[in-house]
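Dear colleague,

Please find below the structure that I am handing over to you.

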Amino acid sequence: MELADKAVGFLLSMISLSIFTYYTFWVIILPFVESDHFIHRYFLPQEYAILIPVFAGLGLLSFLCVFIGYVMLKSKKKSS
C-alpha cells in the first residue's frame with residue numbers, strides 16, 4: 001500500500017503545482033501581456049480570478065460549519 005500512497009501523493013502534488021502555476025500566471029503575469037496576444041485564449045476573464053477562489057472558500061467554509069455542527073450534535077446525543 002505504500003507505493004499507492006506515494007503515487008497518490010505525487011499526483012496530488014503535481015495537480016496542486018499545476019493549479020498554482022496556472023493561477024499565478026493568470027493573475028500576476030497576464031495583465032501585463034497585450035490583450036490581443038494569443039495566450040489570452042487559454043485563460044478565463046480576469047473577473048473569475050476573484051470569483052472562483054471566493055466561491056471555493058465559501059463552499060469550504062459552509063462544508064466545515066455543517067461538519068462541525070454535525071459532530072457537535074452527534075457528541076451531544078452520545079453524552080446524554
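Trp26 is buried, as its relative accessible area is 3% (buried means under 20% relative accessible area, exposed over 50%, and partly exposed in between, with a 1.4 Å probe and protein chains only). Please note that this is a predicted model, in which local features need pLDDT of at least 70 and side-chain atom pairs count only at pLDDT 80 or more, whereas totals for chains, interfaces and linings use all residues. Residues are numbered from 1 along each chain as its sequence is written, and side-chain values use heavy atoms, with hydrogens and water left out.

I turn next to the helices, which are DSSP runs (H or I, at least four residues) numbered from the N terminus. Helix α1 spans residues 2-29 and helix α2 residues 48-79; they pack at an angle of about 135 degrees, and their axes are 11 Å apart. Here, axes are lines fitted to C-alpha atoms over the stretch in contact, and angles run from 0 to 180 degrees between N-to-C directions. The angle makes α1 oblique to α2; angles under 35 degrees count as roughly parallel, over 145 as roughly antiparallel, 65 to 115 as roughly perpendicular, and the rest as oblique. On the α1 side, Tyr23, Trp26 and Val27 make the contact, and on the α2 side Tyr48, Ala49, Ile52 and Pro53 do so (contact means heavy atoms within 4.5 Å).

The aromatic rings also deserve attention. Over the whole structure, 5 aromatic pairs are found; rings of Phe, Tyr and Trp (its six-membered ring) pair if their centres lie within 6.5 Å, and planes under 30 degrees apart count as stacked, over 60 as edge-to-face and the rest as tilted. Tyr22 and Phe43 are stacked, because their ring centres are 4.8 Å apart and their planes lie at 25 degrees. Since Tyr22 belongs to helix α1 and Phe43 to the loop between α1 and α2, this pair ties together parts that are 21 residues apart in sequence. Tyr22 is partly exposed at 36% relative accessible area, while Phe43 is buried at 14%.

Tyr23 and Trp26 form an edge-to-face pair, with 5.8 Å from centre to centre and 85 degrees between the planes. They are 3 residues apart in helix α1, and are therefore separated by about one helical turn. Tyr23 is partly exposed, at 31% relative accessibility. Ring pairs link Tyr22, Tyr23, Phe25, Trp26 and Phe43 into a cluster.

Yours sincerely

Terms used:
Helix = DSSP H or I, 4+ residues; strand = E, 2+ residues; numbered from the N terminus.
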